[in-house]
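Keep the structure open beside you as you read.

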Amino acid sequence: MTVNQISQQVDARGLSCPMPIVRTAQAMKSLPSGALVEVLATDPGSVKDFAAWSRATGNELLESTTDDAIYRFVIRRK
Amino acid sequence: MTTETPVKDAPVLPFDPLAAAIGDVEGWPDVVVDPVLDAALQPEIEGEIGTKQLVIVNWSGELDRIWPTLILASTAAASGVQCKVFVTFWGLLPFVKDGVRITGENWMQRMLSFMQRPGIDHLKMSKMNFLGMGPWMIGRLRRKYGVASPRELLEAATLMGVEFIPCQMSMDMFGIKREDLIDGMGDPAGAATAIEIMTEANASLFI
């Protein structure tokens, strides 16, 4: 996945549960099916939460990486 | 290969002898389905709302209880779970509008709202309230750790389609009118509605 394919970025750094999920869900509403969203978060709980949320909603979690205490997720909208 | 396929698209209309007589003479007009108009006439299906349902009975108006209520409600909505919150008894007070300080008609109702200030920004804690010291410290910790406030969560939940249903009985008893409550709340209802939505839901909580 290249960066230029990402339709929207959600900066949830500094936000605690459940705001990274809530902000991502809100951002996704306006996007077409298949669009890619990149989420940056600092909440360690978001690793498990984004996996669970993707299973619950049917959105596809393409990437879940950690870099210097920043969690990065790439999700494809259902 | 001349298999006759039954005509499925013919509209089923109630029998009208006059129309049938005219139809016999003039021939039935071809029904042309306009795809745009047809789509417009279909009931709108909420794409974001799934089939799973969560019901929360929000009984408590305390900070440490309304917080999980709103966190779960907003997360449910974000996860495509249809969420309804039945707002009853003390739980009603945080849903009073910002500008409304004293609610009620008689002295007892007014005294009650004076003692327990309504509104989402004026929540007490179920323990360690210490005349407001507890909520103040929790507020400081909340900002330090980037936790969303009940107000932010309530706005997010309302925006994402969480349905808040006020309890009519509690409204009557506290003297809280429909216009005292925040915009976007559902129609007031009673225990039978609560039972109906709770038994239909996949999960229901009493907080």
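In chain A, four strands make up an open sheet with mixed pairing, in the order E1-E2-E4-E3. Here strands are DSSP runs of E with at least two residues, helices are runs of H or I with at least four, and both are numbered from the N terminus; two strands pair if DSSP finds at least two bridges between them. The edges of the sheet are E1 (6–12) and E3 (60–67) of chain A, each of which pairs on one side only. On average, neighbouring strands are turned by 15° against each other, direction ignored.

A word on ground rules: this is a predicted model, where local features need pLDDT of at least 70 and side-chain atom pairs count only at pLDDT 80 or more, while totals for chains, interfaces and linings use all residues. Residues are numbered from 1 along each chain as its sequence is written, and chains are lettered from A and ligands numbered from 1 in the order in which they are written.

Now look at E1(A) and its partner E2(A) (residues 36–41): they run parallel and share six bridges. One pair to find is Val10(A), whose bridge partner in E2(A) is Val39(A).

Next come the helices. H1(A) lies across E1 and E2 of chain A, at about 155° to E1(A). H2(A) packs on the sheet too, touching E2, E3 and E4 (70–76) of chain A, and its direction makes about 175° with that of E3(A). These angles run from 0 to 180 degrees between N-to-C directions, with axes being lines fitted to C-alpha atoms, for helices over the stretch in contact. Contact between two residues is a matter of C-beta atoms, placed from the backbone, lying within 7 Å.

Step back, and chain A reads β-α-β-α-β-β along the sequence. Its radius of gyration is 11 Å, close to the 12 Å that the globule rule gives for 78 residues, so chain A is as compact as a globular protein of that length. (The radius is taken over C-alpha atoms, and the rule is 2.2 Å times the number of residues to the power 0.38.) Of the contacts in chain A with a separation of 6 or more, 57% join residues 24 or more positions apart.

Finally, what touches chain B? On chain A, 13 residues are in contact with 13 residues of chain B. Helices H1 (19–29) and H2 (46–57) of chain A are the elements giving two or more residues to that side, and H1(A) provides the largest share, six residues.
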